[in-house]
Amino acid sequence: MLQQGVREDFISNLNGTTLVEISVGLPLAPLCLLFRGLVLILYFLHCGRHLCSQNGQFLLDFTVLVIPPVLSCTILSPILLFVILSMTALCAVLVSCIYSRRTSRAKVPFSQILSEFTRTSLEPDYIPSITTFRVFVNVLTSISILAVDFPQYPRRYAKTETYGTGVMDFGVGSFIFGNAVVCPEVRLKPGTVRHRFFYLARQLVSVWPLVLLGAGRLVSVKAVDYHEHVSEYGVHWNFFFTLAAVRIAASLLLATFPVRQAWVVAVVLAVTYECFLDLTPLKEFILHGSDGQNSRAGFLNANREGVFSVIGYLAIYMASVQIGLYLLRKRSTVREWLGVIGFFLWNVLLLFLCLHVTQTYVDRVSRRLANLAFCLWVIAHSLVLFSCFLAADLILAFTKFLVDEADIPCSWTFGEPSATNKKLDWEPRGGQPKLQGTCLISAVNKNQLLYFLLANILTGLVNMLVDTVHSNTLTAMFILHLYMLSNCLLMYILQANNIVLKWW
């Protein structure tokens, strides 16, 4: 019990970090993705063949895509800006090397190459940025949920108690964002007719694994007396229940209101909820309980944070549905996708302006309340992160444009504009790149829920077997890397054997 109390205190009463520090760290994952792709192209240029070794591909992916985020959120966190700038410079050098050794358009001036590239058509049925965004959110979340229990993980990155912006607070919101942009209502093909409550019925069936996992986590946590941060979601609530509730509520709203007006529903939800927080006793009830003394008597009182924060997460989900609809519009050329980045950045500026006004005159960011400021912050930063992934994908496409027969797993290939009016999708269907089966990103993408579940189970096992709070740096780094290696290796093995553990 003493050890449990120490661990609870270790992750409690935290105030987060600044918006600037979180923004500085956002390009890390896209830079890792970009560096991996550039290394593969240089390997092809040097050896005259693709990296076909599955073991070599996994080693490269784990070394470049996983180890840098682990180190950057622990022992390298004090020099995070230097890490970002160094990786940016290194990627720039690699792009320059590829350009100087290009096998396509070798005698063509740079301005003409750039002009031809912007007019080039990309694969019409696949947006790799959506896949990589969702996978990296899952990977970074799995790193943080264990790393936060070690002293090497900065306390300012952990979830905040009531107000503030922590890295893990953004992780929770970005998880909702990633789910929403690929929801069934977004992926409905033009001309397809469905009953308005078809997807609601489908969600009622598909969310049962989340409910089951939430119940399993609840029972296991209580059974082994595992340390809990009660003010995060409540006594009985957890994030699995939040995901299930948000998906069902969102399907109900999307069955009731036009899908293309999802942003209106999001604004109404967020603003109305904020009005209730500020003009009624709701905020005091969520923060201090019915008696003002943090009472946990009764289900609603015991789980007030988890229950009411669903409203804020639902607003994020609905706004993200609108973003998903915009992403899946029919577009193919590089110039059009560059326009998407510009459009998103203008919206980010508007969202940050609204966030500044909200924090100044209404209320500060609070994950615990999932208030209006939290919704604005999550959507703005999610758009920034997605834009970074999209920019990395376009840079990789440019380097492939310079090298004949170059291939990078989970990236765009060149093709002709689609003759049909069908929407784009979030993962490849036909004509997959030949390295697709040996890509760690694809492996995690195929079994995302299993990956997240495995990460939670291993996190619990590590905490029961190891005194994480008092671990030295060497022990912490060894455990974190072994933990991530176990997670990724299992996903890789399942992908190599074409096994997808989804039976619902």
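**Aromatic rings and a helix pair**

The charged end of arginine 331 lies over the ring of tryptophan 337, 4.9 Å from its centre (NZ of Lys or CZ of Arg within 6 Å of the ring centre and within 35 degrees of the ring normal). Arginine 364 does likewise with tyrosine 163, its charged end sitting over the ring at 4.5 Å from the centre. This is a predicted model, in which local features need pLDDT of at least 70 and side-chain atom pairs count only at pLDDT 80 or more, while totals for chains, interfaces and linings use all residues. Residues are numbered from 1 along each chain as its sequence is written, and side-chain values use heavy atoms, with hydrogens and water left out.

Now for rings meeting rings. Rings of Phe, Tyr and Trp (its six-membered ring) pair if their centres lie within 6.5 Å; planes under 30 degrees apart are stacked, over 60 edge-to-face and the rest tilted. The count comes to 26 aromatic pairs. In one of them, tyrosine 326 and phenylalanine 344 have ring centres 5.6 Å apart and planes at 55°, so the pair is tilted. The pair links distant parts of the chain, 18 residues apart: tyrosine 326 is in helix α16 (residues 304–327) and phenylalanine 344 in helix α17 (residues 334–361); helices are DSSP runs (H or I, at least four residues), numbered from the N terminus. Tyrosine 326 is buried at 13% relative accessible area, and phenylalanine 344 is buried at 2% (buried means under 20%, exposed over 50%, partly exposed in between, with a 1.4 Å probe and protein chains only). Both belong to one aromatic cluster, together with Phe133, Phe136, Phe177, Phe343, Phe386 and Phe389.

Note on methods: Helices (H or I, at least four residues) and strands (E, at least two) are DSSP runs, numbered from the N terminus.
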